[in-house]
Structures are given as C-alpha cells and as structure tokens.
Amino acid sequence: GWIIFGIGLALALFLFLRGRIPLESGFSGKDVERFNTLERANHWMTASAFILMALTGLVLLYGKALLLPLIGHDAAAWLARGSAWLHMAAAVPFVIGVVLMIVLWAADNIPRRTDWVWLKKGGGFLRNGEHPQARKFNAGQKIVFWGVTLGGLALLASGLTLMFPFFWFGYDGMQLAQTSHAVIGLLMIALIIGHIYIGTVGMVGAFDAMWSGKVDRNWAREHHDLWYERIMGRSDRGSR
C-alpha cells in the first residue's frame with residue numbers, strides 16, 4: 001500500500017519543483033475535436049466506477065486495521081458490508097467501460113517507434129521547449145490504456161473467483177486470487193493517480209480533452225503533433 005502514498009508524494013514534489021507543464025505558444029482561441037461524446041461518456045463512466053471500486057476496495061483491504069479502532073465494530077461492519085456490495089455493483093459498468101475502451105482505442109494504442117523516443121525524452125515533461133512527437137495517444141497514455149485494460153480484465157477474472165469461492169479453485173487458488181486481486185488493484189490505483197495528475201493540475205489545457213471533447217490547436221500541435229497534422233490534413237481535404 002505504500003506505493004499509493006509514494007506516488008502521491010512523488011507527484012506533489014514534482015509539481016513543486018517542475019510546476020505545471022505550460023502551453024508555451026499560448027492559447028490560439030481555435031479548438032479541434034479530440035474525443036467525441038461516446039468516448040467521453042464511456043471514459044467518465046469507467047472512471048467513476050473505478051474510483052468507487054478503489055475506495056470500497058481500500059475499505060475492505062485496510063478497514064479492519066485502520067477504521068475498526070476509530071469507528072468501532074458496528075460501524076466498521078456496516079461499512080464493510082456496504083463496501084462489498086458497492087464494490088461488486090461498480091464492477092459491472094467498469095467492465096463494460098473497459099471492453100468499450102478496447103473497441104474504441106486499441107488500434108490507436110499499439111506501440112510504435114515514436115513511443116520509445118517519447119519515453120527516452122521523458123515525454124518533454126522535464127523541461128520546457130522539448131515536445132517529442134506523438135500520435136493521438138503518447139507513450140504515457142498507452143501505458144495507462146494497457147494498464148487499465150489488461151489490469152481490468154485481470155481484476156475481473158480474480159474478482160469473479162472471489163465472488164464464487166471454491167467454484168473453480170481450491171484453497172491455494174483462492175489465496176492466489178485474493179492476493180493478485182489486491183496487488184493488481186493497488187497498482188492500478190497508483191497508475192490512475194498519475195493519470196489524474198497529468199490530466200488535471202499537471203498539464204495546462206489537458207483537462208479540456210475529456211471535459212468538452214475539444215482542445216486548443218496549439219495544445220494539440222505541441223503535445224500530439226502527428227495526430228494534429230493527420231486530422232488537419234483530413235480537414236483540408238474535406239473542405240475542398
């Protein structure tokens with residue numbers, strides 16, 4: 001569980017030392033569509049379900065050690081019971097969202113040579129003026145995508161095993177399912193904390209992509225130049 005606190009402290013320190021990643025060329029006042037309504041609705045459904053699963057999962061995992069001494073047995077039992085049911089209920093929209101994400105975005109998240117260059121340059125996050133080339137999704141976003149999709153499917157498999165104890169496996173299998181479910185869940189929480197940071201306070205203009213579905217053209221040109229050139233070329237051909 002220390003990885004969750006560690007990533008939070010590391011991001012806070014990074015923000016203190018680096019500050020927000022600015023939009024160096026400033027806002028142009030002209031937008032370009034980045035995500036359509038279906039993509040944004042699915043993103044927020046999946047994100048909301050994951051946050052609910054993360055909070056209830058943490059209650060189930062650490063509640064006995066951390067909450068029981070503070071709130072007592074009756075309240076802790078009520079909270080644990082409610083968390084268990086909410087955790088399972090939230091899994092339904094989460095899994096639906098993950099499957100739809102695979103359908104919508106898997107093709108754009110295939111690793112490419114430009115992703116390795118992006119990683120070697122730290123995504124341009126370490127200093128201003130350095131913006132490695134990126135398509136619709138950069139290497140960091142692709143890591144989040146595959147972490148969420150593959151991790152989500154792994155959580156589904158281990159979660160179903162826990163929901164139907166000893167249906168598929170014996171005692172050893174149940175122990176493995178419980179351990180893997182907790183570890184994968186904690187790693188995904190840490191991954192999503194980093195994703196939330198970059199998409200909100202970490203980078204100027206990034207939040208608009210999933211809120212309004214549109215980003216400033218200068219932002220698109222600075223952070224996703226190959227994608228921007230492709231869609232603008234398509235737009236130019238369509239206007240002829």
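**Pockets, core and helices: a guided tour**

Visitor: How many residues line the second largest pocket, and which of them lie nearest its centre?
Guide: The lining of the second largest pocket has 27 residues, and Gly57, Leu60, His87, Leu162 and His181 lie nearest the centre. Please keep in mind that this is a predicted model. H2, H4 and H5 each give two or more residues to this lining, with the largest share, 14 residues, coming from H2.

Visitor: What makes this a pocket and not a cavity?
Guide: A pocket is an open set of points, whereas in a cavity the 1.4 Å probe fits but cannot get out. The space in the second largest pocket is about 810 Å³. By class, its lining has 20 nonpolar and seven polar residues, with no charged ones.

Visitor: What does the largest pocket look like, by volume and lining?
Guide: About 1,200 Å³ of space lies there. Its lining has 47 residues, with Val144, His195, Ile196, Ile198 and Gly199 nearest the centre. Helices that give two or more residues to this lining include H1 (2–18), H3 (113–120) and H5 (171–202). H5 supplies the largest share, ten residues. The lining divides into 33 nonpolar, 13 polar and one charged.

Visitor: Which residues line the largest cavity, and what is its volume?
Guide: The volume is about 60 Å³, and there is one cavity of 30 Å³ or more in the structure. The lining is made up of Trp118, Gly123, Phe125, His131, Pro132, Asn138, Met203, Glu222, His223 and His224. Four of these are nonpolar, five polar and one charged.

Visitor: Why is methionine 53 called buried?
Guide: Buried means under 20% relative accessible area. Methionine 53 has 10% relative accessibility, so it counts as buried. You will find methionine 53 in helix H2.

Visitor: What is methionine 53 in contact with, leaving aside its neighbours within four places in sequence?
Guide: His87, Ala90, Ala91 and Phe94 are its contacts on that basis; the cut-off for a contact is heavy atoms within 4.5 Å. As for glycine 19, it is 34 residues from methionine 53 in sequence and 31 Å away in space, C-alpha to C-alpha.

Visitor: What makes a set of residues a nonpolar core, and which members touch the most others in the largest one?
Guide: The members must be buried, of a listed nonpolar kind, and joined through side-chain atoms within 4.5 Å. The largest nonpolar core has 40 residues, and Phe50, Phe94, Trp105 and Val148 touch the most other members. H2, H4, H5, H6, H7 and helix H8 (225–238) each supply at least two residues, and H2 gives the most, with nine.

Visitor: Which residues is phenylalanine 50 in contact with, beyond its neighbours within four places in sequence?
Guide: Phenylalanine 50 is in contact with Phe94, Met188, Ile189 and Ile192.

Visitor: How do you know whether the span of H4 agrees with its number of residues?
Guide: The expected span is 1.5 Å times one less than the number of residues. With 25 residues, H4 should span 36 Å; the end C-alpha atoms are 35 Å apart, which agrees.

Visitor: Which residues of H4 are buried, and what covers them?
Guide: Among the buried residues are Ala139, Lys142, Val144, Phe145, Val148 and Leu155. What covers the buried residues of H4 includes H2, H3 and H5.

Methods. Residues are numbered from 1 along each chain as its sequence is written. This is a predicted model: local features need pLDDT of at least 70, side-chain atom pairs count only at pLDDT 80 or more; totals for chains, interfaces and linings use all residues. Side-chain values use heavy atoms; hydrogens and water are left out. On a 1 Å grid over the protein atoms alone, a cavity is a set of points where a 1.4 Å probe fits but cannot get out, and a pocket is an open set with protein on both sides within 12 Å along at least five of seven lines; lining residues have an atom within 4 Å of a point. Grid points are joined across faces, edges and corners, and a volume is the space filled by probe spheres set on the points. Helices (H or I, at least four residues) and strands (E, at least two) are DSSP runs, numbered from the N terminus. Ala, Val, Leu, Ile, Met, Phe, Trp, Tyr, Cys and Pro count as nonpolar, Asp, Glu, Lys and Arg as charged, and the others, Gly among them, as polar. Buried means under 20% relative accessible area, exposed over 50%, partly exposed in between (1.4 Å probe, protein chains only).
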